[in-house]
Amino acid sequence: MSTSSPQRREAPWASPEGQRSYETPATDELSAPDEERTTDGPRASDERPGAASSALTSVLTGVLVGAVATAMHGGIWYLDGWWLPWGLVFSGALLLCAGLWCGTSTRRVWAAAVPGLATYLIAWATAYLRQGSALVVTQWSAPIGVVGIAWFVVVFLAVMASVIVTGRWLARRCTR
């Protein structure tokens, strides 16, 4: 058995050597390559993706989100003569988030509108290409029909909101 006790290590915040000011960079931060620290031109993180990549991202996101949101929009909670269209609310929020993500990640305003346009095409095709569709009903006589008609309005509002918010975000980003 060893009679010597192991050395105790102190936490970095317990000794004055381990403390550092967050106003001055640490030595490992000073050794960053010069091309990343220059302010003469755009950094690699500031470059936006190409148009083809942006289009592919927006279309694939639109098809995926459009199919899910169109299938989910008809969720209705019935309460003693009242009905709450929870599926419409969640589908609209999903579409808005998808549009904002596409617009801000690609840094293109038109990319914010593509998921909504794809969703509109999916909803229109499921409502009108086949007679008697049960997925998107557009009749005023039943709550599901009212929600189906409202789905087209929500898609329009989500597209407009995502385009406006993305445009304002890009304008603010450019002025910095």
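Reader: Where does UniProt place the feature "transmembrane region"?
Author: Keep in mind that this is a predicted model. The feature comes from an unreviewed UniProt entry. That record puts it at residues 55–77, 83–102, 109–129 and 149–171.

Reader: How far apart are the end C-alpha atoms of residues 149–171?
Author: For comparison, take residues 109–129: that span is 95% helix with 0% strand, and its end C-alpha atoms sit 30 Å apart. Residues 149–171 come out as 100% helix and 0% strand. Their end C-alpha atoms are separated by 34 Å.

Reader: What distance separates the end C-alpha atoms of helix H5?
Author: H5 covers residues 109–128, so with 20 residues at 1.5 Å a residue it should span 28 Å. The model agrees with that, since the end C-alpha atoms are 29 Å apart.

Reader: Which helices do the buried residues of H5 pack against?
Author: The buried residues of H5 include Ala111, Val114, Pro115, Gly116, Ala118 and Thr119. Ala123 and Ala127 are also among them. The buried residues of H5 pack against helix H3 (51–72), helix H4 (86–106) and helix H6 (143–175).

Reader: Is tryptophan 86 buried or partly exposed?
Author: Tryptophan 86 belongs to helix H4. Buried would need under 20% relative accessible area, and tryptophan 86 has 36% relative accessibility, so it counts as partly exposed.

Key
Residues are numbered from 1 along each chain as its sequence is written. This is a predicted model: local features need pLDDT of at least 70, side-chain atom pairs count only at pLDDT 80 or more; totals for chains, interfaces and linings use all residues. Side-chain values use heavy atoms; hydrogens and water are left out. UniProt positions are given in the numbering used here, feature names are shortened, and annotations may be inferred rather than shown by experiment. Helices (H or I, at least four residues) and strands (E, at least two) are DSSP runs, numbered from the N terminus. The expected span of a helix is 1.5 Å times one less than its number of residues. Buried means under 20% relative accessible area, exposed over 50%, partly exposed in between (1.4 Å probe, protein chains only). Contact means heavy atoms within 4.5 Å.
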